[in-house]
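The sequence and coordinates are shown first.

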Amino acid sequence: MALSSSSTAVPSPPPPPARPAIGRLLQLALLRVVARAVDVVVLLPRPALLRLWWAGVMAKPSPYTQGFPLLIESRRHGVPVADFVYGEVFVAPTRRLLRRLGVGPGAVVVDLGCGRGAVLVASSSLGARARGVELLPLHVGAIAARAAAAGVEVGAGDARQADVADADVVWVSWATWAPSTRLAVRARLHGLRAGALVCAVVHGVDDVVLDAGLGSDGMFETVDTVRLWCSWGRATVVISRRC
Ligand SMILES: C[S@@+](CC[C@H](N)C(=O)[O-])C[C@H]1O[C@@H](n2cnc3c(N)ncnc32)[C@H](O)[C@@H]1O
């Protein structure tokens with residue numbers, strides 16, 4: 001029997017807002033073009049770093065081309081594929097932030113999960129000794145030669161086993177990492193000397209233990225929280241000092 005049009009038909013849900021999604025994509029595309037143009041200007045006087053940065057930009061970490069290698073790496077290291085979700089900082093705003101934190105010639109900056117090396121480029125452009133640790137060989141392979149030519153150290157390795165004893169500043173962009181990965185990396189940060197700084201993207205070092213239901217161990221104090229333009233939009237960077 002056909003239902004009459006006046007029956008209690010469930011109203012269909014409104015269609016998803018297509019325009020905002022497209023608008024957001026366009027905004028992101030524009031952000032990347034403008035921010036990268038600024039990065040080129042900043043790096044023009046530093047050709048070796050510009051070449052390193054360019055190698056990274058051209059590496060294009062696409063989930064389609066990297067899907068299978070990501071699965072292999074995720075199984076090999078016992079981490080979810082989400083740990084490899086890619087996003088990166090822009091050089092110019094990161095450089096400004098690092099300079100404000102006192103990074104300059106002689107400072108040691110370590111990026112745990114350095115990806116295509118944007119933080120390393122920003123640090124090295126200030127005269128710092130920049131060292132990156134990256135789990136994905138694809139990223140390391142894409143920038144290793146140019147990094148060596150620019151005097152930047154990049155190594156395949158696991159942030160959960162990294163040695164940061166000599167670092168003045170550690171950068172860690174761990175927003176998509178599993179809570180267990182973040183906890184293990186945080187434990188490595190205990191090896192920092194007193195006074196060293198940690199720039200942690202989205203989750204501060206103490207958020208990591210609090211989110212896991214553990215109490216703060218009092219080893220870090222938050223000194224600042226800043227908003228930084230990154231490839232996915234504006235992100236919070238929590239800056240903490242090792243006590
Ligand atoms: C969000 S990207 C950040 C890239 C770069 N640090 C930046 O801020 O521009 C995070 C990177 O960490 C890497 N990664 C994930 N787990 C890791 C681990 N346990 N050890 C080292 N690198 C890791 C990923 O492959 C990815 O390249």
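1. Two residues are in contact if their C-beta atoms, placed from the backbone, lie within 7 Å. In the protein, residues 24 or more positions apart account for 66% of the contacts with a separation of 6 or more.

2. The model is predicted: local features need pLDDT of at least 70 and side-chain atom pairs count only at pLDDT 80 or more, while totals for chains, interfaces and linings use all residues. Residues are numbered from 1 along each chain as its sequence is written.

3. The secondary structure comes to 8 helices and 7 strands, taken as DSSP runs numbered from the N terminus (helices H or I, at least four residues; strands E, at least two). Of the 243 residues, 39% count as buried. A residue is buried if 20 or more other C-beta atoms lie within 10 Å of its own, exposed if 12 or fewer, and partly exposed in between.

4. The largest nonpolar core has 59 residues, and Val91, Val109, Val169, Val170, Val172, Val198 and Ala200 touch the most other members. Another core, of 5 residues, lies apart from it and includes Leu70, Phe84, Tyr86 and Leu135. Such a core is a set of buried Ala, Val, Leu, Ile, Met, Phe, Trp, Tyr and Cys residues joined through C-beta atoms within 7 Å.

5. Which residues of helix 7 (residues 179–189) are buried? They are Thr181, Arg182, Val185, Arg186, Arg188 and Leu189. These residues lie on the same side of helix 7 because they cover an arc of only 150 degrees around the axis, the arc being that of the directions from the helix axis to the C-beta atoms. Their cover includes strand 1, strand 4 (169–172), strand 5 (197–201) and helix 8 (205–211).

6. Leu43 is in helix 1 (residues 18–43) and counts as buried, with 22 C-beta neighbours inside 10 Å. Not counting residues up to four places away in sequence, Leu43 touches Leu49, Leu50, Trp53, Val91 and Ser125. Leu43 and Val121 are 78 residues apart in sequence, yet 8.9 Å apart in space, C-alpha to C-alpha.

7. Most residues other than glycine have a negative phi. Val202 is in the loop between strand 5 and helix 8 and is partly exposed, with 14 other C-beta atoms within 10 Å.
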